[in-house]
There are 2 protein chains.
Amino acid sequence: MVEDDIALLKQYQKEIILLSQSVALLHWDLECYMPKEGSESRAEQIALLSRLVHEKMISEELSSVLERLRKRDLQGDDGVMVERVYHDVMKSKKLPPEFVEELSRVTSLASTAWEKAREENDFKLFEPHLKKIVKLKRKEAGYIGLPGHPYNSLLDTYEEGMTVEELKPKLENIKKWILELLSKIKDSESYKNQELAFLKQEFPRQAQIDLNIDVIKRMGLENKFSRLDLSVHPFTTRISQGDVRFTTAIRQDPLFSFLSTIHEAGHGLYEAGLPKENKFTFLDEIPSLGINESQSRFWEIMVAHGKPFWKFYLDRFKEKIEIDNFNQWYKEVNFVKPSLIRIESDEIHYPLHIILRFEIEMGLIDGTIHVEDLPSIWNKKVEELIGITPENNREGVLQDVHWSQGCIGYFPTYTLGSIYAVQIYKALKRRFPEIEEDIEKGDFNKIIFWLRENIHKIGRKKLTKEIIRDVCGEDLNPEEYLLYLNKKYSEIYNLT
Amino acid sequence: MVEDDIALLKQYQKEIILLSQSVALLHWDLECYMPKEGSESRAEQIALLSRLVHEKMISEELSSVLERLRKRDLQGDDGVMVERVYHDVMKSKKLPPEFVEELSRVTSLASTAWEKAREENDFKLFEPHLKKIVKLKRKEAGYIGLPGHPYNSLLDTYEEGMTVEELKPKLENIKKWILELLSKIKDSESYKNQELAFLKQEFPRQAQIDLNIDVIKRMGLENKFSRLDLSVHPFTTRISQGDVRFTTAIRQDPLFSFLSTIHEAGHGLYEAGLPKENKFTFLDEIPSLGINESQSRFWEIMVAHGKPFWKFYLDRFKEKIEIDNFNQWYKEVNFVKPSLIRIESDEIHYPLHIILRFEIEMGLIDGTIHVEDLPSIWNKKVEELIGITPENNREGVLQDVHWSQGCIGYFPTYTLGSIYAVQIYKALKRRFPEIEEDIEKGDFNKIIFWLRENIHKIGRKKLTKEIIRDVCGEDLNPEEYLLYLNKKYSEIYNLT
């Protein structure tokens with residue numbers, strides 16, 4: 001009976017999801033509250049639950065249910081659900097258990113080694129681990145075996161359906177455009193004379209927390225289904241449909257906590273808005289990292305770096321620090337200044353950091369770049385793209401956690417997110433031409449509603465490509481993104 | 001090979017423990033941090049993981065390993081380990097998996113319902129949940145099927161080996177004695193004229209928190225392996241060997257938070273002191289709730305309600321509130337005054353609260369008391385034993401969390417713990433006759449060391465009965481307890 005098979009398929013999804021949600025809580029607690037000496041057992045708790053998830057994914061019973069159901073050519077949500085589970089199961093089954101176990105062992109050692117290497121600024125400590133990881137990821141690409149560039153098989157894990165063939169020319173075009181724009185900015189008087197006036201002030205811890213709480217409330221993240229905590233690196237996680245959590249960190253920079261909270265709250269809103277009717281199925285998921293990032297960047301950049309937003313929030317900041325010039329404040333919020341560190345980079349330099357990593361990852365996977373050459377290749381590329389040179393590997397090749405965790409193919413999704421965010425904001429303005437008047441009043445209700453209806457509540461019933469096409473009336477469009485950057489920064493830096 | 005069997009047995013224990021630790025975190029988070037709307041999924045997460053624990057416990061492979069190993073008549077820790085696992089497995093095998101899962105789901109939902117019912121002072125909100133729980137617990141008693149009163153099968157879960165037949169006459173004797181002592185106290189001039197002078201003062205929230213942190217540090221509970229949080233009802237849980245958590249609540253009563261913190265920290269010290277060499281085995285456990293409670297009561301009552309303790313802590317309290325008379329303060333700390341609330345009760349009334357619950361639980365399980373009649377039965381019994389009447393169910397039948405969690409048979413262990421605590425304190429004074437001089441200096445190191453060596457690090461290598469006999473040179477001895485109460489309160493209330 002089809003009904004029995006559907007019920008069994010749902011039971012499998014539910015158990016996999018409940019186990020994964022428990023893993024999510026174990027991770028969240030590890031970052032936010034766990035006493036130090038709990039770490040060894042925590043690793044074992046997470047490893048066991050992850051193994052149980054994998055065992056369920058590759059179970060024979062699940063595969064035969066899927067096979068039977070695929071022959072039925074089901075319509076509606078059930079049909080899509082079968083395809084989504086089938087996609088994930090096939091992918092899991094392509095990786096031999098010994099491989100999964102080895103990758104897990106290698107990356108857990110590599111994470112510790114990376115932390116030490118970064119702390120001691122010594123790439124050699126990380127090098128042998130990264131070599132193993134690259135070797136395994138090349139093997140993984142072989143197991144997955146998607147057509148085209150071997151990198152496609154890794155990229156697909158984070159951005160289903162995206163390929164090197166589509167992405168590479170687009171990123172190359174972005175690089176060319178941004179380098180041109182940057183050189184115009186750097187030649188401008190406005191850039192040469194720029195200085196921070198407001199953002200170097202002390203910003204009391206409690207004031208930062210108060211403003212965080214204020215903005216997430218306006219963004220619709222109520223206490224009854226979400227919470228904000230502190231952690232070293234801000235992140236968002238979903239423990240269940242009614243339980244979304246995100247974190248921030250308090251730094252000296254008066255804007256860091258506020259903007260990172262808005263960024264994570266953007267993810268949080270998405271996680272909280274996924275389709276209720278598909279609870280405990282693979283449709284109750286975000287379809288890719290790129291579209292997930294589109295939501296955080298939408299709020300962080302398109303809304304909270306914009307003029308209308310500061311027409312509302314400036315007064316709130318004025319209560320806490322001295323600001324007496326709107327235009328100077330707006331410029332400081334959008335300050336262009338080369339940074340060696342990706343996560344501290346402005347909107348213009350950020351994609352260059354991503355392109356640098358993408359080019360290196362491609363080389364590592366197709367064998368044209370060797371791990372031992374990474375520090376020098378990294379530094380050469382930073383000089384070429386960002387125009388400054390790292391003084392050490394800590395602020396160079398060792399700055400990101402991703403590779404130590406085996407995440408290769410992840411970085412491009414940051415820039416995909418930024419591009420989607422621009423396209424989505426444009427679509428929003430088409431739908432509500434007066435929307436910026438709402439933003440000026442601190443009223444985000446229309447935005448929240450529109451995002452939920454058009455993106456959040458679709459979950460994984462559509463792929464990212466389809467959602468973007470439906471919402472924006474076009475595919476991924478870097479031109480739109482470049483035009484936006486050009487217009488915004490030409491104005492800020494008085495370019496002609 | 002015996003070695004292979006031992007290895008397999010340890011693997012089973014490790015996976016069961018890792019899953020149980022994950023459940024402990026899911027529970028802790030539910031009480032401390034979870035957004036309200038996460039409760040439904042949380043119930044499902046806990047139910048699934050509990051089912052997986054149960055499935056492992058009743059697996060055929062584990063049973064055959066145990067059977068083979070029991071024939072070997074192993075000595076040392078391995079021999080005891082085999083017996084402990086065998087005991088628990090036999091018990092688990094009596095409960096069908098569907099039953100375990102249902103109980104877990106019902107109690108998770110009941111916990112949320114209880115909180116709401118208590119908040120809104122509406123027993124009707126909790127009643128249907130409690131009915132389900134009582135029905136399931138009666139079913140459970142039937143499955144377990146220990147000889148004697150059906151309540152024995154529930155009691156044994158919390159206090160291995162204890163029976164209604166042993167406990168009931170002891171509790172009846174305690175009730176008789178205490179009611180006599182109470183009537184003497186109430187007839188005394190000292191009682192009739194008693195008034196709070198100091199404990200009615202405002203005690204700022206931050207002062208309460210500061211003193212909590214001060215005392216747990218002195219008790220040896222360092223941040224690196226423990227943490228203190230806030231929850232409605234204080235509790236202690238262990239997430240792993242290096243991760244023990246306990247909670248408190250801030251109330252108006254200046255002593256509530258301080259003493260409840262000490263109580264929970266007593267549990268916490270025990271949990272943190274279990275045998276390191278038996279990690280991930282069933283020997284790394286506390287053998288019963290009674291002995292667990294002996295540790296919390298030891299610290300809360302025997303230490304922190306005593307004169308030596310206040311010779312040290314009074315000065316610290318004087319920094320926060322006005323106190324100018326040691327004897328009056330000591331009397332107020334040990335103030336005898338009927339309270340409707342168990343956890344706010346003094347040492348004399350406390351066991352009466354336990355006896356009340358014991359009698360009601362026995363009735364619920366043998367079918368002579370019905371859930372819908374509970375509010376009136378409760379109030380009648382309170383009047384009879386405590387001498388006052390609850391004005392509402394919140395301070396009556398809805399005050400305790402236990403039933404909502406399916407814990408029936410648990411309450412008597414509080415009084416067992418109080419009795420053990422008196423016996424253990426007496427043994428401590430025999431070993432270190434000068435120990436109260438240390439307490440007067442706020443130095444608990446000898447006590448911590450002695451408890452760890454003689455009780456904590458034994459874990460479950462011995463049963464409670466054996467540990468008490470080894471430490472105290474005698475079995476459970478309520479006479480010792482009654483003599484102690486009599487002596488202490490005769491002095492405080494100048495009885496002749």
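How many residues does the contact take from chain B and from chain A? The answer is 30 residues from chain B and 30 residues from chain A. Keep in mind that this is a predicted model.

Look at the side of chain B that touches chain A. Four elements of chain B each give two or more residues to this side: the helices α1 (2-32) and α2 (39-57), and the strands β1 (226-230) and β2 (236-240). Now sort the residues of this side by class. They divide into 10 nonpolar, 10 polar and 10 charged.

How do the two copies relate? Next, compare the two sides of the interface. Of the interface residues of chain B, 100% are also interface residues in chain A, so the copies meet through the same surface.

Now stay within chain A. This chain is divided into two parts: domain 1 covers 2-147, and domain 2 covers 148-496. The C-alpha centres of domain 1 and domain 2 of chain A lie 26 Å apart. The two domains also touch. Their contact takes 40 residues from domain 1 of chain A and 39 residues from domain 2 of chain A.

Which elements of domain 1 of chain A give two or more residues to the side that touches domain 2 of chain A? They are α1 (2-32), α4 (76-94), α5 (97-119) and α6 (123-144) of chain A. The largest share of this side comes from α6(A), with 12 residues. By class, this side of domain 1 of chain A has 21 nonpolar, seven polar and 12 charged residues.

Start with A:Phe280. This residue sits in the loop between α11 (256-272) and α12 (289-303) of chain A. The phi of A:Phe280 is near 60 degrees, a positive value in a residue other than glycine. Is A:Phe280 buried, exposed or partly exposed? A:Phe280 has 19 C-beta neighbours inside 10 Å. A residue needs 20 or more to be buried, and 12 or fewer to be exposed. A:Phe280 therefore counts as partly exposed.

The second residue is A:Asn494. Find A:Asn494 in the segment after α21 (478-492) of chain A. A:Asn494 is not a glycine either, yet has a positive phi of about 50 degrees. Around A:Asn494, 11 other C-beta atoms lie within 10 Å, so this residue is exposed.

Conventions. Residues are numbered from 1 along each chain as its sequence is written. Chains are lettered from A and ligands numbered from 1 in the order in which they are written. This is a predicted model: local features need pLDDT of at least 70, side-chain atom pairs count only at pLDDT 80 or more; totals for chains, interfaces and linings use all residues. Two residues are in contact if their C-beta atoms, placed from the backbone, lie within 7 Å. Ala, Val, Leu, Ile, Met, Phe, Trp, Tyr, Cys and Pro count as nonpolar, Asp, Glu, Lys and Arg as charged, and the others, Gly among them, as polar. Domain bounds come from an automatic or database domain assignment.
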